[in-house]
Protein chains: 2
Amino acid sequence: MPIERVIAAAVKLVDEVGPGDFSMRLLAQRLQSSTATLYRHFASKDEIFAEVVDHVLGEVPRHLTDTADTATWQERLITIADALFRTLKKHPTVVSLFNDHIPFGPQGLAARETAMGVLLSSGFSPEAAAKAYTVVAHYTIGFASQLGAYAGDGPEDDQGIREFYDSLDPARYPATVASAPFLPSSLDDEFRFGLQLIVDGLTTQLAAVPTPTTPSPHRR
Amino acid sequence: MPIERVIAAAVKLVDEVGPGDFSMRLLAQRLQSSTATLYRHFASKDEIFAEVVDHVLGEVPRHLTDTADTATWQERLITIADALFRTLKKHPTVVSLFNDHIPFGPQGLAARETAMGVLLSSGFSPEAAAKAYTVVAHYTIGFASQLGAYAGDGPEDDQGIREFYDSLDPARYPATVASAPFLPSSLDDEFRFGLQLIVDGLTTQLAAVPTPTTPSPHRR
DNA sequence: ACCTGAACACCGTTCAAGT
DNA sequence: ACCTGAACACCGTTCAAGT
């Protein structure tokens with residue numbers, strides 16, 4: 001009956017069977033209760049999913065690796081994005097739920113506050129921080145959303161994808177075949193590659209305006 | 001009974017009611033047929049969704065704006081990503097289906113081939129082209145995946161989000177409140193901002209290796 | 001007050017039976 | 001050979017009835 005127990009069980013169930021096979025009946029059964037009882041705590045399945053998203057966001061701080069006081073804002077921003085990405089990778093089936101609603105729950109707000117604090121104390125202007133965090137958060141969640149496509153039943157692992165493009169008719173798909181051997185080795189590598197590009201781009205962009213870009217100690 | 005008519009009706013139905021409310025019965029009814037007949041053409045609902053994704057990808061070329069022969073690869077790459085993003089924006093409820101499977105259908109292959117052709121003929125090495133296209137494609141689809149979150153029932157429009165963050169307790173969420181007035185004005189603007197960052201990053205990255213980055217006429 | 005079995009109006013998928 | 005009504009085993013959500 002404690003609400004937190006329901007949410008924890010819901011997270012576990014989504015992790016195990018995915019949002020598609022998740023059902024109120026299954027959840028009620030696991031809690032040795034009935035669906036009608038669940039509806040006294042939550043208005044709908046969707047509301048439970050929102051709580052699941054918030055619960056998962058609560059794990060982000062655990063994946064935040066310590067950064068030295070001398071770390072640049074670039075290093076700090078990459079650390080934050082990486083913590084979010086690693087959290088989502090631990091709950092691959094949950095990620096799609098992030099695309100239904102903006103995470104306005106307490107853990108979502110806390111994650112945003114922590115990240116914005118790091119950026120502001122690293123010398124970002126409020127405007128630059130808002131744009132940087134928003135784009136990095138959307139980039140990270142967007143990439144993680146596609147994790148599911150690489151865990152299906154087709155030739156959908158790194159090696160299989162390369163082989164598939166390589167096996168196409170070179171007369172019909174010359175450019176695709178030519179580049180097939182050079183495809184990124186994993187969505188992970190690609191995520192880091194793109195994240196670095198964005199941070200590089202932010203560095204260039206910020207250097208062009210009077211916003212201070214020199215690192216300053218975080219939360220001294 | 002022609003298979004293309006079924007797919008066209010499926011796209012229309014997903015556009016209208018979303019994947020959640022889409023049902024085989026509803027589709028059969030629109031086609032004045034029965035669900036059992038649908039199963040003689042497609043093995044499952046999932047297979048129909050795969051065809052819907054491919055059909056939508058077929059619209060990308062229509063959104064490709066003409067680029068001058070003197071256009072840089074940066075301009076060409078942005079044009080390609082923008083065409084994909086605009087296509088997905090026209091089918092916001094379809095986008096989530098992109099996250100279930102890699103688009104290996106004929107239209108998906110054609111879109112990839114066109115984009116890779118542009119990059120290769122713009123002077124990219126096969127390796128640089130593969131990495132650049134993959135990261136840009138995932139970036140674009142990832143961003144578009146989150147379009148749904150900004151069309152819900154909460155305070156989920158640009159103005160409402162700003163107001164929500166602005167109304168938080170400044171003592172508890174100082175960094176969030178400080179940056180609230182500067183949030184990007186729309187997911188559109190943010191998409192273009194991030195895309196520019198990635199292209200800027202690619203420019204820096206490519207300048208550091210012997211890969212030619214000078215524009216050359218496309219498909220002369 | 002708190003809980004729940006059973007019901008309602010749906011699903012995806014299959015199959016025996018019709019033309 | 002091609003189609004389909006009806007069935008099967010499920011859904012989310014509600015509500016009358018029980019303690």
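**A predicted two-chain model: group meeting presentation**

Good morning. By salt bridge I mean a side-chain nitrogen of Lys or Arg within 4 Å of a carboxyl oxygen of Asp or Glu. Side chains of opposite charge can pair when their charged atoms come close. Both residues sit in helix α6 (residues 73–90) of chain A, and because they are 4 residues apart, about one helical turn separates them. Over all chains, the structure holds 10 salt bridges.

Some remarks on conventions. This is a predicted model, in which local features need pLDDT of at least 70 and side-chain atom pairs count only at pLDDT 80 or more, while totals for chains, interfaces and linings use all residues. Residues are numbered from 1 along each chain as its sequence is written, chains are lettered from A and ligands numbered from 1 in the order in which they are written, and side-chain values use heavy atoms, with hydrogens and water left out.

Let us turn to chain A as a whole. Chain A has 11 helices and 0 strands; helices (H or I, at least four residues) and strands (E, at least two) are DSSP runs, numbered from the N terminus. Along the principal axes, its C-alpha atoms fill a box of roughly 60 × 60 × 25 Å.

How is chain A divided into domains? Domain 1 covers 3–43, and domain 2 covers 66–150 + 183–208; these bounds come from an automatic or database domain assignment. The C-alpha centres of the two domains of chain A lie 30 Å apart. Their contact (heavy atoms within 4.5 Å) takes 5 residues from domain 1 and 6 residues from domain 2.

The area buried between these domains is about 380 Å², with carbon and sulfur atoms giving 62%. Buried area here is the accessible area (1.4 Å probe) that two parts lose on being put together, summed over both. On the domain 1 side, V14(A), D15(A) and P19(A) lose the most area to domain 2, together 86% of what that side buries. Between the two domains of chain A there are 0 salt bridges.

Within chain A, UniProt lists residues 23–42 as "DNA-binding region" in an unreviewed entry. The positions are given in the numbering used here, the feature name is shortened, and such annotations may be inferred rather than shown by experiment. This span is 70% helix and 0% strand, and its end C-alpha atoms lie 14 Å apart.

Which parts of chain B meet chain A? In total, 56 residues of chain B are in contact with 56 residues of chain A. About 5,300 Å² is buried between chain B and chain A, 68% of it from carbon and sulfur atoms. The interface has 0 salt bridges. On the chain B side, α7 (106–121), α8 (126–145), α9 (158–166), α10 (174–179) and α11 (187–207) each supply at least two residues. The largest share, 12 residues, comes from α8(B). Thank you.
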